[in-house]
Amino acid sequence: KCIVLAFAGSIPYQCHGLAPRMPLLPQQEQQPSPSDAYGPKRNHPTAYDESPPFKGPLSLARTSSPDIHRQRIQRYYIMKGLQLPICDQPPQLKLSSSTDTILKTIVDHLAHRDAPVDAKEVAESVEFYLRTAKRVLGAAKQQIVKKSSTQSTSEVVSERDDDDDDERKGSCIVVQDLCSGHGLTGMLFAACNPSRLPASIPIRTVLVDRFEPPSHQILRDTIAEVCPWIMKDDEAVRFIPATLEEYFHSEKQGESNNANYSASVVVVISTHACGSLTDDILRFATSQAAASIAVMPCCYTGTDKGAPYGIRRALGVSMAADVRRSFFLQDRDYHVDFATIPREVTPMNRIIVAEKR
């Protein structure tokens, strides 16, 4: 037999193929890999949250499928034991009402009137609005101010300020909700942004889809019962039954109904325009130099074409497609960011938000 001798100092140690037991080294705390510093931000105000909490008045429970929430809003209220308004006379909101109050009142009133809209669609429109409106409307207002400030500098400062005020009074923000369906999302932009002051910039909403569904007029009348300002004139909310191509052509020909305003700034929004329709909307929005854009894509099959293979393999089809879209917008001088709505509403919950530089 082979005897292995190990020496610890001068004392021999006999073993049969086994190493002597050595004292354990003190464990060191595992240090983060240097590559972690280049990953996505965590526990930070600007971190990307794939499923943020609800902000609006209607919260949906997490289920095995969001399709469970595809039931009329009144039935959802009853099923969840939510209190419906008792008074038949709708409460009319004031122009000074807060956004939270307006949204809460609209959602409750839709349920009270048994409006033909799903709980999922209501939550989707509300959450989309709360995560995009401040940014896209803020970018539009900045563009109006920028346009007015670039007027002739040869005038006296006081005269120039007067001209700026006149210019702003003659301006409006046109929110184009493309592939709008019943148009609830676009109507929330009109309902939550009334002209509170004579000098405030009016917001007009244009809803575009192939045809006007019967539910649109019902939803519009129901919202107008609590927000009468969306019916104050024909320009506050308009539905244009047209394909995207037809609408794009009419806009290029200057067939706009905003003749009462000397200058209009465009905001383009869209929720779940299927597949390549989102890309068509982005091309149209950038062609008219929209001040801001907010789109929530869906139906990603085939939309990742043009993205590098490594991006598709590492990030998947949906993220690869939205990264490609982000570079498309950035190349056209837009600042691009991502936002999300809760996944309880839809698994395709990413919003591309772009603001013109």
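**Reading pockets and strands in a predicted model**

Modeller: The second largest pocket has a volume of about 550 Å³. This is a predicted model, where local features need pLDDT of at least 70, side-chain atom pairs count only at pLDDT 80 or more, and totals for chains, interfaces and linings use all residues. Residues are numbered from 1 along each chain as its sequence is written, and side-chain values use heavy atoms, with hydrogens and water left out.

Biologist: What is a pocket, and what is its volume?

Modeller: On a 1 Å grid over the protein atoms alone, a pocket is an open set of points where a 1.4 Å probe fits, with protein on both sides within 12 Å along at least five of seven lines; lining residues have an atom within 4 Å of a point. Grid points are joined across faces, edges and corners, and the volume is the space filled by probe spheres set on the points.

Biologist: Which residues lie nearest the centre of the second largest pocket?

Modeller: They are Cys179, Gly181, Thr271, His272 and Ala273, out of 31 lining residues. By class, the lining holds 12 nonpolar, 10 polar and 9 charged residues. Here Ala, Val, Leu, Ile, Met, Phe, Trp, Tyr, Cys and Pro count as nonpolar, Asp, Glu, Lys and Arg as charged, and the others, Gly among them, as polar.

Biologist: How many residues line the largest pocket?

Modeller: The largest pocket contains about 920 Å³ of space. Its lining has 30 residues, and Thr46, Tyr48, Asp337, Phe338 and Ala339 are the closest to its centre. Helix H3 (119–149), helix H10 (317–330) and strand E8 (334–340) are the elements that give two or more residues to this lining. The largest share, 7 residues, is from E8. Helices (H or I, at least four residues) and strands (E, at least two) are DSSP runs, numbered from the N terminus.

Biologist: Which strand does E8 pair with, and in what sense?

Modeller: Two strands pair if DSSP finds at least two bridges between them. E8 and E9 are joined by 7 bridges in the antiparallel sense, and His335 has Glu355 in E9 as its bridge partner. Strand E7 (residues 292–298) also runs antiparallel to E9, with 4 bridges; Ala294 stands opposite Val353.

Biologist: Why is E9 described as largely enclosed?

Modeller: Buried means under 20% relative accessible area, with a 1.4 Å probe and protein chains only. In strand E9 (residues 350–356), 6 of the 7 residues are buried, so the rest of the structure largely encloses the strand. For the protein, the buried share is 45% of the 357 residues.

How values were computed
Buried means under 20% relative accessible area, exposed over 50%, partly exposed in between (1.4 Å probe, protein chains only).
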